[in-house]
Amino acid sequence: MIDVLLIVFIITLFYLSIANRLLSYTKVLAVQGVLLFFVVFLQLNEINTLNLVLIMLETIVFKAVAVPMFLAYLLRRNNITREAEPYLPNFVSLLITTAIVIATILLSNSIKDTHLDKMFFVVALSTIFSGLYIIASRRKIITHVMGYMIIENGVFVLSLAVGNEMPHLVNLGIMLDIFASVLILGIFLNKIGDVFKDVDVEQLTNLKDY
Amino acid sequence: MSNISAYLLMPLLAVVAIPFMKEKAKAIVTYLELLLVAGLSSAIAISAIVGGAEEYVFGGSAVTGPIRLQIDALSAWFILIINIVFITGGFYGIFYLKAYREQQKQISLHCIAFIVLHLSLVSLCVIQNSLVFLITWELMALSAFIAVIFEGDKMSTLKAGINYLIQSHVSILFLMLGFIWVAVKTGSFDFASITEYSQSNPTSVGLFLFICFFIGFAFKAGFIPFHTWLPHAHPAAPTHISGIMSGVLIKIGIYGIMRMLVLIKTDYTSIGYFILIISAISGLYGVMLAIIQHNVKKLLAYHSIENIGIIGMGIGIGCIGLGNGNQLVAWLGFSGALLHTLNHALFKSLLFYTVGIVYQATHTLNIEHLGGLIKKMPHTTLLFLIAAVAICGIPPLNGFVSEFLIYSSLYQWVQNATLVPLIVIIFSTLALVLIGGLALFCFTKAFGTIFLGEPRKKFVHGIHEAPAIQRIPLYFIALLIVGIGIFPQGFFGVVSHATSVLTGNRVGEFAPIQGSIADTLQYIGLASTGFIVLIVLMFLLRKLVTKNRVTTSSVTWGCGYVSPTPKLQYTASSYVRSYSKLFGHLLLIGQKEKPVSGIFPEHAALKTHPYDRLEKSLIDRPIRGIKSFLGKFVFLNNGKLQFSILYGIIFIISLIMIPLVYGLILDFFEFIKQL
Amino acid sequence: MLSLFLIVIAAFFFTGIVVRTKSLASGRKGPGIMQPIKDVIRLFKKGAVYSKTSSIIFQIAPTIYFSSVVMAMLVVPFGQSKGLISFNCDFIFFAYVLALGKFFSIISALDTGSSFEGMGASREALYSMFAEPALFILMGSFALLTGYTSFQEIFAALHIGSYLSYALATLATFVLVMIAMIENSRMPIDDPKTHLELTMIHEVMILDNSGFDLGLLLSAGYLKFAIYGALIVNLFVGMVDYQYAIPLFFIIQFLMAVVVGLIESFMARFRMNHNAQFIVALTSVSLLIFFGAILILGKFN
């Protein structure tokens, strides 16, 4: 069952690479949160109950509800236009995402460590690289934050893989989530949209030294 | 023994006699000689297939050692292909060259080159001695060059020919490297010593040797990135030579690779992967560039690269099967590759000949200027249609059979493979399917734009169909194409003798594998026949039902547009626009535009020209770099007599002085050492 | 033999159910279920109008298209019984026979010399080219799972046990339904009701056909839908006895028709530029199915 959920997770990555509207990104983040909730439920049944309940709450409340709502509110408030503006056409993004998944499969095949669950490793690594690719190929600042959330989902999956043996790693994952939310709050409170009057990454190049 | 002497004597006589004859006699003598040599070699080839391998030994000289000629089933297969293509091409060429009747000297040279080309190609398949092989290879390259530059007064033809000659010589360089290496290490020029050498040394040596030979033969065959001469040479050559080049000349490269596979015993699995990956890339690249060409012959040339890619994929999969010990995969892969060699020779030459007829009628090769030719040239259209359907690999014609064999080998290999081979398999399947789809795209464009719709440009002269006698060889090839499609198991039986050479089986061992493949092919043959019968039945049914219905004729529906012109039609470039937009970054399309301006625009123009990105980076840029570097030394070559004498004096002085100075320097070092 | 009869019977009703579902979903009563068949019979009785620009290719292409679809129908099995034509790797024959039909329909569109039809032909060629790899990789995954290579043997040996294989079967159904939508030019790739030339793909290719030829083209379209429905049914009834399999066949075809109708009613058609990437996404999903098959076989890890 876990394998099925993880395969659906990869399909959400493909959907992200061809999505056009920013709201689709937030919806995918919500779906990923729900998927992670079920994966946590099935995988981590050996750490103590309090930690388990905390993690489950965190996936549902944080990832599936709070962060997408926040992002939607940000989009409305800063009057950010609906489209995600990529540098490369969506067709190429899809091919690159597929290539990333295949490359991680090949990479994980050559690792001979028996402690590592290969399926989790593949999903985690592909999510991280896809998140990095999304940050690198989109023009708006808000998509940087969304890409960061995706990377953070990937790290969470990896921490789940070893969660039974090292619960501290899972706690670290939660702290990563809190850091991300502080980042978003930063944008929200400091109204970066207002100050720059332009949500285009190109303008950030004005910060150069020379 | 005496056959061989007769076989060599006849062409010699013909070559000497041709310049002295009158024009009609020239053609007849050339063709007769061709028929005789082809007949003799085919007879020997057929007896080699049916009986067993035959061998002749010539004395040779002290330099070469004894010269062995060996005809086994593999050589026989290629000899038969060469003869079929040359016979049909020669017949077609006689009528094609009628338009050039005045240029007698060039025609003599062309006929001589034709005869020598045929002779050298057939000989290459049987020679087993490295030195003689290299000499014959050189003969073949030179005669092909002479044949290509028939219209040598045009600058572009000459440039294309010289491009071909230079790349041919780079290939000979690699071949020489391999052959001389083996000869130096073993002391013998015979091919058998290659086998001994590779068996007695570690496999990495054999691998390196094979790659050396592979690069040499890959130049000839047209694998990426050694393909850059192909798209220039094919349009420049006269059509019957283009057909022969595509049909046979590039297959000699494939023959060389296969012969080396038999001779060099090394790690088949890694060689297989190497060939598979290069072939998949060649196939995809070839067809992707073919789609955007305007010049029909260039389009067909890029398609040849694609088909060589498909043949290479078959060879690669066969090698991997040999390496894994999976006989079924090896059989399917090699049979598919060998059968596709024949199929490609057939339908590519047919395509070139029909294009030649179109060129003779309209004097243009630009697709965008043609159109609606089906009404004036129905026979040519039918022949082109048969060849186009065949090249896309569609049943019930022959292209499907060879592609089916290669697909089967992939799906058989999938059964026992581990993870990394599985990923290679799935990408090879992806590549093969995409190649098929892109080929369909390309040939619907070519056929639709040239033959269907309305004419896109008015021609001053009338357009006539070619004379019936010129079309005879074309009908023969079309018949073969349909025949292989309907009766594949017979041809597979012939091919399996050649495959057994490659896989190293004996007659008794391969019967069960051959039997199972033949059964499947029989089903395909029956299904294809049934398909053709079904089409005919449906057609008759339709005729019956609509016999009494009213049929009227009107203009094409134009959505109420009041002044339709042929210019409103879809052009070839517009047809491929959806494709070129998607892959625009990969392809290199130069564009010159004079934009539309103002409310009542006067004149606007758009010109696109397709280039080859690999050619630009591998050939054009380095040549420019070398030219600019060497250009700095141009001052040395200023043509004045005094400077030449000065260079001579400097050379003599250095000849005398350098050993003296060297001795002085050695003494100096001795002196310092003693201190 | 059995599959032949079943597919032909399903073809009679399939498109009618789709149209009826669309009408009911938009609040109308809609035409009867046999209406598409009545349309075809009406067309068979009519005469034809041929354009002066077109040639004999235009007149023989619908016949060849119809024959190719009939030939493909003969390859499809049903559960334990083979199709009339069955041999190793026969799905390759299936796909390429359909390609012959596409070849001729494209060149007959180019034959009319109209820019509309050229546009439709160009798009159709591109999209069908991208849809083929998905089918081949899907069949490759099944060949890997079951160890056989012919249609009938693969489906007979396919059995769904674990969660992962359920997921794979669902994904495979999704891919097959999408391929069916692409091949028959329905939403969300192409809108059969649009009739705005700039937005049509398949409809515009048959704009100039009339009479008996148009009837042949429409009936070939209905048959194609039923063929893909039969393929989807085969995914599930491989090991079931005939007395359950035959009713299951009709139920699944009915369900599929309703689902197609609902998709057409509630989804807008994609922007033309986005069609290509959607179709390539299908190939990525079938690559995932292949990966899932590798997982099931335990070759990974």
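Author: From the N terminus on, the elements of chain A in this predicted model run α-α-α-α-α-α-α-α.

Reader: How many helices and how many strands does chain A have?

Author: Chain A has eight helices and zero strands.

Reader: What makes residues of chain A count as buried, and what percentage of the chain does so?

Author: A residue is called buried when its relative accessible area is under 20%, and 50% of the 210 residues of chain A count as buried. As for contacts in chain A between residues at least 6 apart in sequence, 78% join residues at least 24 apart.

Reader: How do you know that chain A is in contact with chain B, and how many residues take part?

Author: Contact requires heavy atoms within 4.5 Å, and by that criterion five residues of chain A are in contact with six residues of chain B. The area buried between chain A and chain B is about 560 Å², with carbon and sulfur atoms giving 88% of that area. On the side of chain A that touches chain B, the residues divide into four nonpolar, one polar and no charged.

Reader: Which domains does the assignment give for chain B, and how far apart do their C-alpha centres lie?

Author: The domain assignment of chain B gives domain 1 (285–543) and domain 2 (634–674), and the C-alpha centres of these two domains of chain B lie 63 Å apart.

How values were computed:
Residues are numbered from 1 along each chain as its sequence is written. Chains are lettered from A and ligands numbered from 1 in the order in which they are written. This is a predicted model: local features need pLDDT of at least 70, side-chain atom pairs count only at pLDDT 80 or more; totals for chains, interfaces and linings use all residues. Side-chain values use heavy atoms; hydrogens and water are left out. Buried area is the accessible area (1.4 Å probe) that two parts lose on being put together, summed over both. Ala, Val, Leu, Ile, Met, Phe, Trp, Tyr, Cys and Pro count as nonpolar, Asp, Glu, Lys and Arg as charged, and the others, Gly among them, as polar. Domain bounds come from an automatic or database domain assignment. Helices (H or I, at least four residues) and strands (E, at least two) are DSSP runs, numbered from the N terminus. Buried means under 20% relative accessible area, exposed over 50%, partly exposed in between (1.4 Å probe, protein chains only).
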